[in-house]
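User: Hey, I've just opened this one and I'm new to it. Can you walk me through it?

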Amino acid sequence: MGEMEQLRKEADSLKDQITAARKAVQDSTLQEAAASITVVGRVQLKTRKTLRGHLAKIYAMHWSTDSKLCVSASQDGKLIVWDSITTNKVNAIPLKSSWVMTCAYAPSGNLVACGGLDNMCSIYNLKGKDGNVKVMRELAAHTGYLSCCRFLSDSEIITSSGDCTCVLWDIETGTQKTVFAGHQGDCMSLAVSPDFKFFISGACDFTAKLWDIREASCRQTFGGHESDINAIGFFPNGNAVITGSDDATCKLYDLRADQELITYQDSGIMCGVTSLAPSVSGRLLLAGYDDFNVNIWDALKAERVGVLAGHDNRVSCIGVSSDGMACCTGSWDSFLKIWN
Amino acid sequence: MSGSSNLVAMKKVVQQLRFEASINRVKVSQAAADLQQFCMQNALQDPLLTGVSSSTNPFRPQKVCSFL
């Protein structure tokens, strides 16, 4: 009993130390640093394409690195690979389990993955010899739903789960290489750093964690949100993290200063953030909300500079293509829209 | 009895906090300036920010005029 009490005291003392160390480098704020620049002018994006074909809510989408193809997952039990320019369906993959919550496109363009309430991450080979798309691997070990997955390469993928862990898998052998444990609540979302050395996870314990993939360790933990973190992404230079939460705000945390720099909130926004994506320069932050809209924020000034209104139900997913040319939104209304 | 496993878990929490407390931190003024600089340097290469003309927009087919 005595030892437990001692450890608790040490934990509290360390938390105070971290708070103090963060304050010690807080010689300014992002607002002050950005005081001299003007807010971005009103951003008005138009729907250029509507991708029609899913028969139920869309839960996830992910761009291919070629900025042309993208994959979407719907609870109609299908994964669809789209040519976003022609709106043609390149592949329509029937899933064993229709309770899908996430999907991902491998950087090579050869594989896609998905998973959900089946607790598994299924990998599909798009470039099979006979032209048919088949399940290549079923990665099973999570004891909770699969909330997100992202490929590092054709041989490695990272998953986040309702079982509070994230896992790095060897796709070839179908085994877990590393289990990243530490979150005290369901892991809801993950994003990989531009240099592929780190990933960040957002969870229902209201924190975001930065993980070193090869060291298999958690390097930093960021708090401040007052509810579940549903969406997470890296600022394009890899030095900051953006989170979106059920508390109706998005936050930007700088990794090198180890603290929150700014919160994106508005008294008129009272519903949760479901998804987010920065534009390629990082200046714009596009965030999807439960109220069917996407708000566009000036990331440096924390002011709303635009709205994408066009869906008839919750925007569940959003992504900006690698070349920055377009933003894709997916909705519970079963449609995907391409905007620029 | 989960007493000893609670102890093991707590030791891990303390170990992790020790690690997180020990990292080097950069001043916010520096971090903020670097973020701002990145945005500025890449602004012109950000089509959603600058806008895309229809002649360079892959998602907006150009209307073709033909002489009849």
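Predicted model: local features only at pLDDT ≥ 70, side-chain atom pairs only at ≥ 80, totals over all residues.

User: Ok. What is the secondary structure of chain B?

Analyst: Chain B has three helices and zero strands, in the order α-α-α along the sequence. Helices (H or I, at least four residues) and strands (E, at least two) are DSSP runs, numbered from the N terminus. Of its 68 residues, 31% count as buried. Buried means under 20% relative accessible area, exposed over 50%, and partly exposed in between, with a 1.4 Å probe and protein chains only.

User: How many residues of chain A are in contact with chain B?

Analyst: There are 64 residues of chain A in contact with 41 residues of chain B; contact means heavy atoms within 4.5 Å. The area buried between the two chains is about 4,400 Å², and carbon and sulfur atoms give 71% of that. Buried area is the accessible area (1.4 Å probe) that two parts lose on being put together, summed over both. Arg256(A), Ser281(A) and Met325(A) supply 14% of what chain A buries against chain B, more than any other three residues.

User: And how many salt bridges between chain A and chain B?

Analyst: Four. A salt bridge is a side-chain nitrogen of Lys or Arg within 4 Å of a carboxyl oxygen of Asp or Glu. Over all chains the count is 17. Side chains of opposite charge can pair when their charged atoms come close.

User: Which residues pair up, for example with Arg18(B)?

Analyst: Arg18(B) forms a salt bridge with Glu10(A), with the closest N and O atoms 2.8 Å apart. That pair runs from helix α1 (residues 3–21) of chain B to helix α1 of chain A. Arg18(B) is partly exposed at 46% relative accessible area, and Glu10(A) is partly exposed too, at 28%. Elsewhere, Arg256(A) and Asp34(B) meet through their side chains in a salt bridge (2.5 Å, N to O).

User: What about Asp258(A), which residue does it form a salt bridge with?

Analyst: Asp258(A) forms one with Arg25(B), the closest N and O atoms being 2.9 Å apart. This pair also crosses between chains, from the loop between β20 and β21 of chain A to the loop between α1 and α2 of chain B. Arg22(A), Asp258(A) and Arg25(B) are linked in a network of salt bridges.

User: Is Asp258(A) buried or exposed?

Analyst: Asp258(A) counts as buried because its relative accessibility is 2%. Arg25(B) is buried as well, at 16%.

User: Switching topic: which residues have the most contacts inside the largest nonpolar core?

Analyst: Among them are Phe235(A), Cys250(A), Leu252(A) and Tyr264(A), in a core of 31 residues. A nonpolar core is a set of buried Ala, Val, Leu, Ile, Met, Phe, Trp, Tyr and Cys residues joined through side-chain atoms within 4.5 Å. Helix α2(B) gives the most to this core, with six residues. A second, separate core of 16 residues includes Ala277(A), Ile296(A), Val315(A) and Ile318(A).

User: Where does His225(A) lie?

Analyst: His225(A) is in the loop between β17 and β18 (229–234) of chain A. At 5% relative accessibility, His225(A) counts as buried. Its side chain makes a polar contact with the side chain of Thr243(A) (2.6 Å) and another with the side chain of Asp247(A) (2.9 Å). A polar contact is a pair of N or O atoms within 3.5 Å; within protein, one must be able to donate a hydrogen and the other to accept it, and residues adjacent in sequence count only if both atoms are side-chain atoms.

User: Last one: what does the side chain of Asp333(A) make a polar contact with?

Analyst: The side chain of His311(A), at 2.9 Å. A polar atom of the Asp333(A) side chain also lies 3.0 Å from the backbone nitrogen of Asp312(A). Asp333(A) is in the loop between β27 (327–331) and β28 of chain A, and is buried, with a relative accessible area of 13%.

Methods. Residues numbered from 1 in each chain as written. Chains lettered and ligands numbered in written order. Heavy atoms only, no water.
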